Amino acid sequence: MTDAVRGELGALWNIVKTLADGKFHSGEELGALLGVSRAAVWKHLQKLESFGVILSSIKGRGYCINGGLDLLDLDIIKTNSHSISPLNIQIFPQIDSTNSFLMRQDNPAMKVCFAEFQSAGRGRRGRSWVSPMAQNIYCSIGWGFEGGAAAVEGLSLAIGLSIVRALKRFGLTGLNLKWPNDVLYQNKKLAGILIEMRGDPAGYCQIVIGIGLNVSMQEQQGQSIDQPWVALNSILADENLLPVTRSQLASALLDELMNVLQGYHETGFANYQREWVDVAAYKGQKVELRNGQSLVFGTFIGVTDSGALQVATETGIQVYHGGEISLRAAQ
Ligand code: BTN
């Protein structure tokens, strides 16, 4: 990062921290804070809007972010988590992608990266992941596995369970996991998982697990998402449950992730199979599976003890392994 870029980020970050209180701040006040002109402040505010921040402005009062911003706080994350000590946690105000960041590290194992904003958040199957500033959880964690690709077949399913377990801590029930790893609430996507791997496909490999969890994203911020989605705090409000901060959520998530990663390391997916099938979406329902150009219809049965999908088709029970397959309810 050049000094100029660092300086620009610093100024922008100062504005974010000031406006995070949800109160009005005048252009003069922001300019004085940064030691720049009002015109420069305005440029920074435009940049913030391009990061997905929804700003209000009233003549004579200045600028505000309605409801403020719930910024991540490393101290709170550490205080609330039981399993933080072996982890090296970094929080970035902005980054291209937390997964890409860890994939660039020589040894990503035990490293955790959170970001307030991702400029190039990535989803499965080459999609982008909408990542407005300070609205959702964007988190990646690195891990090392012996046993190569086969050993991690069920990992993304087990990671889905860790998200469900973390959310249960805040009273949330009624979640489903869609194979291989989407977290759904009433058929709308609440969280997604992107696992990337490098190293020896048959031996030791390094894995980066990325989690995107919608927390407070508003309709307008998620309008480019091409599938039904939902954010945690709107569910909690509908269910008369208390809202959660992103830092509380991050702690719960790290605890459950560490728990599941250690368990998976020792015993693989078999120990999670029953719990996964209990919360599986489309159980006993007609589904369609798309893999490139090919389309298969069948009835969702469950998953094997290694995490492969089982579907009853015209030709009998078929087993499908991860990769680029997409599953959905048959129309
Ligand atoms: C999916 O398509 O469902 C997977 C989405 C994964 C998004 C997360 S956000 C944190 C991490 N960084 C990324 O660029 N992607 C993952």
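**Exercise 1.** Which polar backbone atom is 2.7 Å from a nitrogen atom of the ligand?

*Solution.* The model is predicted: local features need pLDDT of at least 70, side-chain atom pairs count only at pLDDT 80 or more, and totals for chains, interfaces and linings use all residues. Residues are numbered from 1 along each chain as its sequence is written, and side-chain values use heavy atoms, with hydrogens and water left out.

Step 1. A polar contact is a pair of N or O atoms within 3.5 Å; within protein, one must be able to donate a hydrogen and the other to accept it, and residues adjacent in sequence count only if both atoms are side-chain atoms.

Step 2. The atom asked for belongs to Arg-122, and the distance is 2.7 Å.

Step 3. Thr-98 places a polar side-chain atom 3.1 Å from a nitrogen atom of the ligand. Arg-124 has a backbone N or O atom 2.7 Å from an oxygen atom of the ligand.

**Exercise 2.** Give the strand order of the sheet and find its edges.

*Solution.* Step 1. Strands (E, at least two residues) and helices (H or I, at least four) are DSSP runs, numbered from the N terminus. Two strands pair if DSSP finds at least two bridges between them.

Step 2. The open sheet has 7 strands in the order β3-β4-β5-β9-β8-β7-β6, with mixed pairing.

Step 3. β3 (88-92) and β6 (175-178) each have a single partner strand, so one side of each is left without a neighbour in the sheet.

**Exercise 3.** Describe the surroundings of strand β5.

*Solution.* Step 1. β5 and β9 run antiparallel and are joined by 9 bridges; Gly-142 stands opposite Val-208 in β9.

Step 2. β4 and β5 also run antiparallel, with 3 bridges, and Val-112 has Ile-141 in β5 as its bridge partner.

Step 3. Buried means under 20% relative accessible area (1.4 Å probe, protein chains only). In β5, 9 of the 9 residues are buried, so the strand is largely enclosed by the rest of the structure.

**Exercise 4.** Classify the ring pair of Phe-145 and Tyr-264.

*Solution.* Step 1. Rings of Phe, Tyr and Trp (its six-membered ring) pair if their centres lie within 6.5 Å; planes under 30 degrees apart count as stacked, over 60 as edge-to-face and the rest as tilted.

Step 2. The whole structure holds 3 aromatic pairs. In the pair of Phe-145 and Tyr-264 the centres are 5.7 Å apart and the planes at 90 degrees, so the pair is edge-to-face.

Step 3. Phe-145 lies in strand β5 (residues 137-145) and Tyr-264 in helix α9 (residues 246-267), 119 residues apart. Both Phe-145 and Tyr-264 are buried.

Key:
Buried means under 20% relative accessible area, exposed over 50%, partly exposed in between (1.4 Å probe, protein chains only).
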